[in-house]
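Okay, thanks everyone, I'll keep this short. Have a look at the model on the screen, and I'll walk you through a few spots in it.

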Amino acid sequence: MEINLNKLPIFDSHAHFDDTAFKEDLSAVVAEMKENGVVGVINNGVNYESSAKIVELAENQDIFYSAVGVHPEDLYNGENFSPDKLLPLLAHSKTVAIGEIGLDYHWDTHPADVQKQWFEDQLDFAKQVDLPVIVHDREAHNDTLEILKKHKPKGVLHCFSGSNEMAKEILKLGMYIGVGGVVTFKNARKLVEVVADLPLDRLLLETDAPYLSPEPFRGKRCTSDLIYFTAQKVAEIKSITTEDVLKASMENIKVLYNIL
Ligand code: NI
């Protein structure tokens with residue numbers, strides 16, 4: 001499917017290509033994404049096993065990079081964060097961040113105090129190894145902001161879902177804001193307001209593939225080339241060109257993750 005007729009270069013700052021949704025046809029999907037202009041994708045680990053898996057994928061696919069970490073829904077019951085499990089994965093030159101880490105009070109799979117401990121331990125770890133972080137915040141805005149203010153990490157608040165006021169606090173910390181397919185949804189009023197005010201040099205485009213496909217593909221399996229539609233919507237909100245949005249996001253991704 002041709003979705004980016006001008007073949008504008010696309011860099012996806014957040015995806016999960018180790019997901020079972022791509023088990024049957026990953027090589028074909030990657031080939032088609034490249035055909036549609038995708039030049040880079042940062043896959044995010046959600047636990048130790050998936051972090052190892054995406055690092056392996058990055059060895060086999062030139063467009064893949066990795067963020068390694070333990071997601072708040074994937075914490076190991078009764079265990080503390082163990083840096084030793086991630087350290088070997090950092091030796092790989094395409095491992096560029098710690099993520100995705102953070103707080104998720106929607107699913108409430110693990111108690112808040114346990115989630116906070118893992119989040120803070122992984123923020124400390126990221127600082128020790130001098131890597132930026134990719135932060136997940138679902139229905140946990142206050143605690144996320146409080147912890148980020150305390151640790152002041154380099155990084156991004158991915159799939160931003162907070163208020164415009166919160167976005168401004170995040171920017172004050174020097175962090176980036178991740179914007180995905182949700183901005184194209186009909187009910188995205190709050191995020192549209194955030195994007196309208198967001199300086200271009202703090203925007204990271206993302207998919208969260210296989211989830212959160214932008215319109216007109218909402219509900220379908222998401223792939224990184226669909227970022228084109230998210231960029232189009234951001235361009236419309238900011239009255240600039242889609243090319244400028246894709247370019248700015250790619251530039252920001254390369255600076256934040258130190259990708260040449
Ligand atoms: Ni994700």
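Let's start with K149, which is partly exposed, at a relative accessible area of 38%. Before I go on, bear in mind that this is a predicted model. So what does the side chain of K149 meet in a salt bridge? That would be E169, at 3.1 Å from N to O. This pair links distant parts of the chain, with K149 in helix α5 and E169 in helix α6, 20 residues apart. E169 is partly exposed as well, at 23% relative accessibility.

How many salt bridges does a search of the whole structure find? It turns up 9. Let me show you two others. K34 and D62 meet through their side chains at 2.9 Å, N to O. That one ties helix α1, where K34 sits, to the loop between α2 and β3, which holds D62, 28 residues apart. K34 is partly exposed, at 37%. Then there's K154 with D130, at 3.4 Å, N to O. Both of these are in loops: K154 between α5 and β6, D130 between α4 and β5. K154 counts as partly exposed at 44%, whereas D130 counts as exposed at 55%.

Now the metal. Which residues coordinate the nickel ion? They're H14 and H16, both through NE2, plus E100 through OE and D208 through OD, at 2.0 to 2.3 Å. With angles of 87 to 175° among the 4 donor atoms, the site is irregular. Along the chain, the donors follow the spacing H-x1-H-x83-E-x107-D. H16 is in the loop between β1 and α1, and E100 is in strand β4, 84 residues away. H16 is buried, at 6% relative accessible area, and E100 is buried too, at 2%.

On to the inside. The largest nonpolar core has 70 residues, and F17, M33, F64, I98, F160 and I170 have the most contacts inside it. Helix α8 gives the most to this core, with 6 residues. F160 touches, among others, M166, I170, L191 and V194. There's also a second, separate core of 15 residues, including F11, I134, Y176 and I259.

Last stop, helix α7, where the buried residues are L191, V194 and V195. They cover an arc of only 95° around the axis, so they sit on the same side of α7. What do they pack against? Those buried residues pack against α6, β7 and α8.

Note on methods: Residues are numbered from 1 along each chain as its sequence is written. This is a predicted model: local features need pLDDT of at least 70, side-chain atom pairs count only at pLDDT 80 or more; totals for chains, interfaces and linings use all residues. Side-chain values use heavy atoms; hydrogens and water are left out. Donors are N, O and S atoms within 2.8 Å of the metal (3.2 Å for Na, K and Ca); water is not among the atoms, so sites may look incomplete. Four donors count as tetrahedral if all angles lie between 85 and 135 degrees; four count as square planar and six as octahedral if opposite donors are over 155 degrees apart and all others between 65 and 115; anything else is irregular. Helices (H or I, at least four residues) and strands (E, at least two) are DSSP runs, numbered from the N terminus. Buried means under 20% relative accessible area, exposed over 50%, partly exposed in between (1.4 Å probe, protein chains only). A nonpolar core is a set of buried Ala, Val, Leu, Ile, Met, Phe, Trp, Tyr and Cys residues joined through side-chain atoms within 4.5 Å. Contact means heavy atoms within 4.5 Å. The arc is that of the directions from the helix axis to the C-beta atoms. A salt bridge is a side-chain nitrogen of Lys or Arg within 4 Å of a carboxyl oxygen of Asp or Glu. Lists of a residue's contacts leave out its neighbours within four places in sequence.
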